[in-house]
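These are my notes on the structure, written as numbered points. Please read them with the sequence and the coordinates open.

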Amino acid sequence: MTQYVALSAVLFFIGVVGVMLRRNPLVMLMSIELMWNAANILFVAFARTWLNDAGQVFAFLVITVAAAEAAIGLAIVVVVFRDARHVDVDEARILKG
Amino acid sequence: MIRHVMGIEGTYPLLLVVWLAPLVGAICCGFAGPVLKRGAGWLASASVGVTFVAALLSWADATAVRDGAVGAHQALFAWTHGIRFGLLLDPLALVWVLVITGVGFLIHLYSIGYMAGDRLFARFFAYMNLFVFAMLTLVLSDDFVGLLIGWGLVGLASYLLIGFWFERPSAVAAARKAFVINVVGDVAIMLAIFIMIARIGSAGFGDVFAAAPSLGNALFPICIFLFIGAAAKSAQVPLHTWLPDAMEGPTPVSALIHAATMVTAGVYLVARCAPLWNASSDAQLLVGTVGGLTALLGAILGTSQWDIKRILAYSTMSQIGYMIMGVGVGAYAAGVAHFLMHAFFKALLFLGAGIVIHTLAGEQDIRRMGGLRQRMPLAFWGMLAGVLAICGIPGFSGFFSKDAVIQGALDHGHPWLYGTGIVAAGITAYYMFRMFLVAFAGEFRGSLPPARLGFHPEVHAVHGHDEAEHPPAWIMGAPVALLTIPSVAAGWIMAGRPSPWERLMSLQFAVPAHLHAPLPEAATSALVLVMVAAGIGIAWVRYGGHRSAEEAADRLRAEAAGMPAILRTAFYFDVAIDALIVRPAQALGTFAARVLEPHVVDGTVREVVHVTRWFGDAVRSFQTGLVRAYVVVVVAGVACVLLYYVLVGGMTR
């Protein structure tokens with residue numbers, strides 16, 4: 001059990017650091033994907049341990065939402081690329097207040 | 001005691017004809033005016049004539065009593081809150097419908113001649129038919145909401161017709177004044193309807209009248225609000241000031257709307273609501289007093305006017321005062337009878353005056369008339385009949401109805417109103433003969449210079465379209481001749497015991513069982529006649545006899561110069577309304593424009609803007625546009641939350 005939690009924590013931390021430090025939106029999306037799946041590992045691990053299927057179901061739900069998120073994220077990336085011919089998130093800051 | 005229970009549902013399609021024929025006429029004249037040309041006048045007259053005939057055909061059913069209810073009923077449709085529209089023709093409504101359409105028909109015919117050559121000939125008849133339709137809506141409705149709709153529509157038609165010659169600023173001002181004062185009444189009636197619906201759950205006549213005795217403290221406010229509406233429409237003190245100004249409209253309009261029908265809507269309302277008034281003696285006292293006061297005030301003001309139509313306007317106001325006094329004290333049959341007689345003789349007087357004005361190319365000032373007897377024999381004889389009728393000379397129509405009203409005031413225990421009525425009758429005789437003698441006796445003064453007569457020519461109104469004097473067409477003469485007959489003779493329906501009129505009205509109004517009559521009717525008539533004779537005598541001494549034009553002009557100039565201010569300003573009513581209502585309203589508007597609007601309303605908005613902008617400036621630096629910075633903030637936030645749970649231990653169950 002501890003190993004699952006540790007793995008999940010490590011994956012999540014890698015994801016967070018990736019989102020915070022990388023400037024390529026594709027990598028950022030992958031990092032977010034890491035965080036989703038860190039959560040999934042926890043869901044599944046606890047579901048098995050406590051014999052509660054709700055965790056399994058939730059993992060599927062998370063995968064669905066993650067897919068939708070990835071689709072929207074990639075769409076934004078495509079639009080940004082078309083508009084600016086680059087995909088550097090630090091350069092795309094027209095929403096600066 | 002209420003003989004007419006009006007909750008009945010019926011089917012009587014003829015009523016739809018009575019109701020809608022003038023509307024059809026109005027639509028045709030309104031939209032096909034350029035095609036119809038002169039035919040618009042005939043079409044409009046025909047539509048009113050059709051209604052008159054249809055109403056006559058309904059007579060038997062309108063006076064038939066079935067299941068304790070009198071009248072013919074046609075249901076229309078239901079609306080929200082239990083309001084059901086329907087048409088009801090009972091004896092009271094029948095009297096009004098016959099006058100509206102009968103007198104209205106003659107006035108329509110007359111208008112064909114009077115308005116001939118007017119640029120907006122067809123539009124005039126569209127408005128006239130619209131008025132007739134509105135007035136029929138008013139009197140045929142079987143509930144207060146329908147009545148109010150008609151009430152508002154006649155106000156609209158009146159507005160349109162007073163301001164018909166809209167190139168004249170004075171006509172526009174008069175139309176607006178009439179409309180505004182009438183709206184005061186409309187709102188009052190609306191308030192009365194709100195109370196009815198809140199307390200009774202219905203505004204149908206039958207429901208409201210059945211509930212009248214059990215209304216308790218809601219009864220008096222209902223009566224008051226209804227009467228404010230009646231007073232505004234019927235030019236009762238202090239809401240009368242619009243009526244003299246309304247004479248800016250074409251003369252047939254004055255005859256139909258501001259003499260015979262619309263201004264008597266208040267009388268109709270009070271008579272219609274007899275069960276309410278019977279249940280509230282306080283309201284009766286108020287209505288009777290206002291009526292008596294108006295009768296007296298209108299008569300006094302009639303003595304000081306020079307414009308022939310304004311004299312007739314004040315006379316109308318005074319006579320409606322009599323009617324309101326009659327229905328107010330409970331003498332419903334007498335009040336309604338006076339409406340009927342007045343419709344005949346006042347329409348006659350106005351149409352006669354119209355012939356004079358028309359022939360003299362728009363002259364309305366009696367000082368510039370004189371000696372018209374030889375030039376206009378028809379107008380002379382017609383107006384003589386009207387004057388004798390309004391004075392109440394025995395045998396003429398006014399004699400029967402006015403004496404009945406005055407006697408009614410005494411019978412119902414109002415000796416003060418009785419005295420007021422008698423005095424006002426004397427003054428009426430004086431001012432009517434003053435008008436008549438100045439206009440028709442002596443020599444023609446129209447060719448004298450205006451200064452000789454003591455007034456400035458630019459201040460007096462001019463007829464809309466005529467440049468030259470011309471004799472009236474036969475189509476103007478015929479209605480005058482026809483109206484002379486009922487003006488002279490209609491009173492005889494009130495003769496006999498019980499008279500035909502009493503039998504008709506007893507279907508509508510319960511006859512009071514015991515009335516104490518301190519004086520017999522003959523004594524009342526004698527008193528009135530003495531006053532009338534005195535009035536005529538004074539008028540004869542002052543204006544009668546044969547004088548040369550110059551001598552008469554000097555006398556009239558002296559009279560005008562010596563007119564006390566209180567009469568010239570018509571008892572300061574306009575001044576008072578101006579000071580008490582108009583000026584404060586304007587001051588309030590100025591205050592709102594100069595203080596409230598810029599400093600309070602706009603100021604508040606501006607402050608909100610300032611605060612929002614300041615707050616936005618304060619937080620805009622957070623929006624760096626740098627996605628990774630946002631992530632840092634989110635992670636830091638999550639970390640803080642986690643730290644909280646770790647330190648405080650909120651995760652434990």
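1. A:Arg85 is exposed, because 7 other C-beta atoms lie within 10 Å, and a residue counts as exposed at 12 or fewer. It sits in the segment after helix 3 (54-84) of chain A. The phi of A:Arg85 is near 60°, which is a positive value in a residue other than glycine. Most residues other than glycine have a negative phi. Keep in mind that this is a predicted model.

2. B:Ala570 also deserves a look at its backbone. Its phi is near 55°, again a positive value in a residue other than glycine. The residue is in the loop between helix 27 (565-568) and helix 28 (573-619) of chain B. Is B:Ala570 buried or exposed? It is buried, because 20 other C-beta atoms lie within 10 Å, and 20 or more is what the class requires.

3. A further backbone point concerns a peptide bond in chain B. The bond from B:Val237 to B:Pro238 is cis, with omega near 0°. Most peptide bonds are trans. B:Pro238 is placed in the loop between helix 10 (219-233) and helix 11 (242-245) of chain B.

4. B:Arg84 belongs to strand 4 (residues 84-89) of chain B. It has 19 C-beta neighbours inside 10 Å, so it counts as partly exposed. Leaving aside residues up to four places away in sequence, B:Arg84 touches B:Ala78, B:Asp143 and B:Gly204. B:Phe225 is 141 residues from B:Arg84 along the chain, and the C-alpha atoms of the two are separated by 22 Å.

5. Chain A has three helices and zero strands, and its elements run α-α-α from the N terminus on. The radius of gyration of chain A is 16 Å, well over the 13 Å that the globule rule gives for 97 residues, so the chain is more spread out than a compact globule. Its C-alpha trace spans about 50 × 25 × 25 Å along the principal axes. Of the 97 residues of chain A, 14% count as buried. Among contacts in chain A between residues at least 6 apart in sequence, 41% join residues at least 24 apart.

6. Chain B contains 29 helices and four strands. Along the principal axes, the C-alpha trace of chain B spans about 120 × 65 × 55 Å. Chain B has 653 residues, and 53% of them are buried. For contacts in chain B with a separation of 6 or more, 81% are between residues 24 or more positions apart.

7. Two packed helices are described by the angle between their axes and the distance between the axes. In chain B, helix 17 (residues 332-359) and helix 19 (residues 377-391) pack at an angle of about 150°, with their axes 9 Å apart. That angle makes helix 17 of chain B roughly antiparallel to helix 19 of chain B, since over 145 degrees is the cut-off for that class. The crossing of helix 17 and helix 19 of chain B is left-handed. Residues that make the contact include B:Phe345, B:Leu348 and B:Gly352 of helix 17 of chain B, and B:Gly382, B:Met383 and B:Gly386 of helix 19 of chain B. By class, this contact has twelve nonpolar, three polar and no charged residues.

8. Where the two chains meet, eleven residues of chain B are in contact with ten residues of chain A. The chain B side of this contact divides into five nonpolar, four polar and two charged residues.

Methods. Residues numbered from 1 in each chain as written. Chains lettered and ligands numbered in written order. Predicted model: local features only at pLDDT ≥ 70, side-chain atom pairs only at ≥ 80, totals over all residues. Contact = placed C-beta atoms within 7 Å. Nonpolar A, V, L, I, M, F, W, Y, C, P; charged D, E, K, R; others polar. Axes fitted to C-alpha atoms, helices over the stretch in contact; angles between N-to-C directions. Helix = DSSP H or I, 4+ residues; strand = E, 2+ residues; numbered from the N terminus. Parallel < 35°, antiparallel > 145°, perpendicular 65-115°, else oblique. Left-handed = near helix turned anticlockwise from the far one by under 90°. Rg over C-alpha atoms; globule rule 2.2 N^0.38 Å.
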